[in-house]
Amino acid sequence: MFISEMLRDDKVTVSFEVFPPKVESSFDTVKAAVTELNKLHPDYMSVTYGAGGSTSKKTTDIASYIQKDLGTNALAHLSCISSTREQIEKQLNDMRSAGIDNILALRGDMPEDGVLPGGMEYHYAWQLVEDIKKKGGFCVGAACYPEGHVECLNKTKDLDYLKQKVDCGCDFLVTQMFFDNNVLYTFLYNALKAGIDLPVTAGIMPVTNSRQISRICSLSGTSLTPKFRSILDKFGDNPAALKQAGIAYAVDQIVDMVSNGIKGIHIYTMNKPDVAQSILNSLSSVFGRDDN
Ligand code: FAD
């Protein structure tokens with residue numbers, strides 16, 4: 001099923017993000033985590049794409065496992081910055097053969113040294129959105145950034161560029177994580193004013209590791225709220241307490257969003273079924289999923 005159709009439904013759509021194994025020997029571990037996550041009945045699961053296409057086959061394999069073996073809709077991420085058009089065409093054909101209908105079209109992060117391999121043909125995600133739509137038969141999502149993308153200092157321009165991606169035919173948007181819901185609400189208001197009226201699903205990161213979150217926030221430009229900083233200050237050295245507090249914070253964010261009419265909740269699970277389960281257990285009635 002196309003995710004854009006799901007997101008137009010009245011009920012809250014709950015989805016999980018997982019990452020594929022970096023090495024072949026971890027394949028079964030990731031598969032086991034994905035199988036456990038599937039028992040929580042997500043509406044779909046997305047599978048990330050390693051920087052520079054480093055996990056391309058494993059992304060497709062895990063997404064195909066979700067779609068075909070588990071019978072749950074899969075969203076395969078695909079980044080273009082390190083690929084030629086020919087490589088992307090092959091990737092799309094492989095995804096189609098693997099039964100994948102939904103793709104999150106991304107530019108991908110620039111290599112740390114800022115130097116791309118020669119001969120690359122993509123500069124921005126809108127070019128990938130355009131190519132996938134031209135090929136046809138896929139539902140295409142794209143990334144958006146409630147606080148603005150870290151490389152773009154002019155937030156109005158960033159929104160113009162997002163509109164460009166939307167105009168190229170993308171069907172839905174997934175947000176970068178954020179810790180202040182008011183940032184999301186302001187972004188959605190400004191996006192609508194800019195003519196972006198696609199379904200947007202909100203990315204929520206339950207933080208369970210203080211070092212990891214500091215790194216992710218500095219790379220992505222995501223701000224921590226004073227409330228969240230206090231949690232990190234108090235429980236940063238106590239993994240069990242941080243995990244409980246991080247889950248409680250995510251639950252609080254989600255309750256506020258659902259109360260305010262947000263209909264797509266995407267949980268960055270970091271392949272941790274117990275974390276996703278704690279969130280869903282606390283929110284079954286909020287999500288209208290008492291039967292699951
Ligand atoms: P774009 O939309 O191309 O934007 C990139 C930058 O270029 C922005 O600063 C934008 O303002 C600017 N820009 C866009 N168009 C133009 C234009 N026409 N002229 C000038 N400037 C322009 N990365 C991975 O490698 N693998 C993943 O699986 C992955 N999953 C992600 C999932 C989500 C939900 C999100 C939010 C991000 C994900 N990322 C992933 C990270 C993403 O690849 C990076 O944030 C990347 O730096 C930007 O990707 P984009 O698709 O948003 O790029």
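Among contacts between residues at least 6 apart in sequence, what share joins residues at least 24 apart? Here that share is 80%, with a contact meaning heavy atoms within 4.5 Å. This is a predicted model, where local features need pLDDT of at least 70, side-chain atom pairs count only at pLDDT 80 or more, and totals for chains, interfaces and linings use all residues. Numbering starts from 1 along each chain as its sequence is written, and side-chain values use heavy atoms, leaving out hydrogens and water.

View 1. Helices (H or I, at least four residues) and strands (E, at least two) are DSSP runs, numbered from the N terminus. The C-alpha atoms fill a box of roughly 50 × 45 × 40 Å along the principal axes. Of the 292 residues, 52% are buried, i.e. under 20% relative accessible area, while exposed means over 50% and partly exposed lies in between (1.4 Å probe, protein chains only).

**View 2. The buried side of helix α9, residues 226–235.** Phe228, Ile231 and Leu232 are its buried residues. Looking down the axis of α9, they fall within an arc of 95°, so they line one face of the helix; the arc is taken from the directions from the helix axis to the C-beta atoms. An α-helix has 3.6 residues a turn, so residues three or four places apart point the same way. The buried residues of α9 pack against α8 (210–220) and α10 (239–259).

**View 3. The other face of α9.** Turned away from the buried side, this face carries exposed Pro226, Asp233 and Lys234.
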